[in-house]
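Here are my notes on this one, as numbered points. Have a look at the model alongside them.

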Amino acid sequence: MTQGSDGLEGVVAARTVLSEVDGEAGRLLIRGFTLDELAGKWSFEETTHLLWSGFFDDLADGLAGPLGVAREEVFREVNALDPDLLALTPIEAMRALAARLADGDDLALAFRLLAAPAVFTAAVIRRQEGLPPVAPDRTLGHAADILRMMRGKPAAAAEVAALDAYLVTVADHGLNASTFAARVVASTRAGLASAVLAGISALKGPLHGGAPGPVIEMLDEIGSPANARAWLDAALDRGDRLMGFGHRVYKVRDPRADALKRATRALGEGSNVLPGRLALAEAVETAALAALRERKPNRSLQTNVELYTALLLEALAIPAGAFTCVFAMGRTAGWIAHAREQVAGGRLMRPQSLYVGPPARAAA
């Protein structure tokens, strides 16, 4: 047996037409389009159609209508929010509500699963703030309705555009941990809901989708550009990981960081953007890259998606505790596409492990 790699580094586990992460070139390709061609130019609904095309026979050209209907359908489950669920973190409460959806493989369920993180997260946030949930509006685009359900009032066009760009940016990203988890579950023919729940559970981890929240803590502690280098040096002296820097695949700058930086800049210093916040993040980025070059010259540790994810979602007044939920709102489109692709052409995933325990021995 060929010895595998811890963490499956370099192991090809699936063939896909959906996306390619080129770590050497710093390029994300989604069905033939670079991220620069999609983020800020295509809507989330258009990007989802691109990902799902060919995996559902009854997929129509426009997704805004059926996705709006699906938001209304899953809103019925919001009544299940009880004190026990509201005591959980937003991602745990959202996952519990999503688990109430009946499993299957049809397009109608796919829309409900795509709608679920948006509807349930908004309801959880509002209930935890002592406010009533806001019912969806099927006439709105997905990003616009997400912000309206969270706030109870319409969002500015620039804010809607920023969230839409974010959802597109994170919609799919190769065989990352949560997508791999979704494909493993899909390979058992368990159903789309089970695959999406597996994706949510993997995304929850602090080494995956749970990472952007600590970026806000870092920025708050640094406080001003003048403090950046000293704070970062102290963190590195302690052996801390700098959140927002370094990536398992990218050896150069994460292209998603640039897409989200542009989206954040487009919001300007108005709206919910804290005064000077973008300038602080840029100063921290410059100082961190310099410190990492000096201290870890043999490693290429560049800006990743987390830094500007945190900045963008904070600018949209989304609580840091719900950042991972918003990540799931976009990535669910990719999980569903990968699950359908796995079922269409893949076998049951059953890798082998290499036993390194003690040799066979007789019982006492």
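1. Which kind of contact do the side chains of Arg295 and Asp233 meet in? They meet in a salt bridge, 3.5 Å from N to O, taking a salt bridge as a side-chain nitrogen of Lys or Arg within 4 Å of a carboxyl oxygen of Asp or Glu. Arg295 sits in helix H14 (residues 277-295) and Asp233 in helix H12 (residues 228-237), so the contact ties together parts that are 62 residues apart in sequence. Helices here are DSSP runs of H or I with at least four residues, strands are runs of E with at least two, and both are numbered from the N terminus.

2. Before going on, some ground rules. This is a predicted model, where local features need pLDDT of at least 70 and side-chain atom pairs count only at pLDDT 80 or more, while totals for chains, interfaces and linings use all residues. Residues are numbered from 1 along each chain as its sequence is written, and side-chain values use heavy atoms, with hydrogens and water left out.

3. How covered is that first pair? I take buried as under 20% relative accessible area, exposed as over 50%, and partly exposed as in between (1.4 Å probe, protein chains only). Asp233 is buried at 19% relative accessibility, whereas Arg295 is partly exposed at 37%.

4. The salt bridge count comes to 24. Among them is Arg238 with Asp240, whose closest N and O atoms are 2.9 Å apart; Arg238 is exposed at 54% and Asp240 partly exposed at 33%.

5. Pairing needs at least two bridges found by DSSP: S1 (residues 19-22) and S2 (residues 27-30) have four, and S2 and S3 have two. Leu29 in S2 stands opposite Glu20 and also opposite Thr34 in S3. In the S1-S2 hairpin, with four residues between the strands, Gly26 takes a positive phi near 70°.

6. Last, helix H16 (residues 323-345). Its 23 residues should span 33 Å, and the end C-alpha atoms are 33 Å apart, which agrees; the expected span is 1.5 Å times one less than the number of residues. There is still a kink of about 45° centred on Arg331, the bend being the angle between axes fitted to the seven residues ending there and the seven starting there. H16 is mostly covered, with 19 of its 23 residues buried.
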